[in-house]
Amino acid sequence: MGMFEDHLGNEEKVEFFLILSSISQNTRHSILLRKGEDKRRSGGARPHRTVAGKTKRLRRFRGFKLDAAGFTRCIMEERAWLKVALILCLFAVSDGRALKLKHEDYPVVHYNHTLATILVEYASAVYMSDLTELFTWTCSRCDDMTEGFEIIELVVDIQHCLQAFVGVAQDLNAVIIAFRGTQEHSIQNWVEDLYWKQLDLNYPGMPDAMVHHGFYYAYHNTTIRTGVLNAVKRAREIYGNLPIMVTGHSMGGAMAAFCGLDLIVNHEAENVQVMTFGQPRIGNAVFASHYCKLVPNTIRVTNEHDIVPHLPPYYSYFPQKTYHHFPQEVWLYNIGLGSLVYTVEKECDGSGEDPSCSRSVAGNSIADHLEYYGVILHSESWNSCRIVMDPLVNEYVVTDSNGNLRLSRDPAASVIKMNTRSGNRGKSI
């Protein structure tokens, strides 16, 4: 039996030709596969089929020689792009077997609407550039459902334009960790860059699990990780073994996912919950499978046509070499007409790539990315990494040699409360 037949079943052969024939409108012809009894005989002529019954078309596609022993020569010599198509399609149907997440193996995480509307406010507040207001929890986004929150540590990595905080929410009786999303000059440029991020880093300790180094390094190779882990340790020394809730929006959601995994795998944390908003894909199907086993209490909220959860792209025919979301997705979308519109909060299946959820629509909206549950999820201005800080909080500031900042306090101590919303006492950095 030939090389191609050794690897593909009959259904996969048909699927291959359907894929191949759909690549170009100029190649929409039916190709008849040779049956087993048509094998080449020793010393005999090799019979072949015509394409759509036209011998002149066979001459035109003279590269197609459908013998069992040498199928890989079936591509036209004068069409280099079709050679690439053959390689990709062979890869899809051979290497792509059994790599989809079998969501029936994993319990579905139940979504809590109230908790989501609380955590999204933390994901919004971490975007604030006035560090004094944020550290004292007096900012314009620091009230409503998060009132009374006490920050333990606020970490700002100036070099990489990253920001996160750790604190304790008395009403939730939990440690809250929030990561800021991208703070680029233009979110449009950042979104366009997501199309081209390749899986280029093997995740430590997970065979065949791959992620993008940029997503991984943003959490693991900056001052953010050290500051967050130290703050969690101090909080639990004071308050005991509290549950940990990790959240973030956009790139902050990717960092939140890596943080939740880090806490469980490397720091033996228990009762860790992750909830992200508008998070991009961060790894392949193998990584997603490991992740949902290790951090099962994870919710990814997606909104309408938000473009970012669709990126980096997912290709169903290349599951081993493509990005793949981990579960559990909750998709927000509106239905109704005119003034009679209400929001549906759909709990998706456990595959991570439910085709009836956000993947059922075009991911083409930046506006849907920047607001969830009516809460703004971006900075007040796209002004790179500009921050403001009042000299009165200098006693809480620790600066490293690279200019990165940590505002830190003892969880058991009170922090000065200052009304700086209308004043200009802050120093721009």
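Lys197 touches His212, Phe215, Pro312 and Tyr323, where residues up to four places away in sequence are not counted and contact means heavy atoms within 4.5 Å. The residue is found in the loop between helix 7 (187-194) and strand 4 (201-202); helices (H or I, at least four residues) and strands (E, at least two) are DSSP runs, numbered from the N terminus. At 16% relative accessibility, Lys197 counts as buried, given that buried means under 20% relative accessible area, exposed over 50%, and partly exposed in between, with a 1.4 Å probe and protein chains only.

This is a predicted model, in which local features need pLDDT of at least 70 and side-chain atom pairs count only at pLDDT 80 or more, while totals for chains, interfaces and linings use all residues. Residues are numbered from 1 along each chain as its sequence is written, and side-chain values use heavy atoms, with hydrogens and water left out.

The side chain of Lys197 also makes a polar contact with the side chain of Asp193 at 3.1 Å. A polar contact is a pair of N or O atoms within 3.5 Å; within protein, one must be able to donate a hydrogen and the other to accept it, and residues adjacent in sequence count only if both atoms are side-chain atoms. Asp193 and Lys197 likewise meet in a salt bridge, defined as a side-chain nitrogen of Lys or Arg within 4 Å of a carboxyl oxygen of Asp or Glu. Asp193 is partly exposed, with a relative accessible area of 38%.

By this rule the count comes to seven salt bridges, including the following pairs.

| Salt bridge | N to O distance |
|---|---|
| Arg406 and Glu153 | 2.6 Å |
| Arg225 and Asp262 | 2.8 Å |
| Asp193 and Lys197 | 3.1 Å |

The side chains of Arg225 and Asp262 meet in a salt bridge, and this pair links distant parts of the chain, with Arg225 in helix 9 (residues 223-239) and Asp262 in helix 10 (residues 251-267), 37 residues apart. Arg225 counts as partly exposed at 23% relative accessibility, whereas Asp262, at 0%, counts as buried.

For Arg406 and Glu153, whose side chains meet in a salt bridge, the link again joins distant parts of the chain: Arg406 lies in strand 15 (residues 405-408) and Glu153 in strand 1 (residues 150-157), 253 residues apart. Arg406 is partly exposed, with a relative accessible area of 29%, while Glu153 counts as buried at 1% relative accessibility. Together with Arg234, Glu153 and Arg406 are linked in a network of salt bridges.
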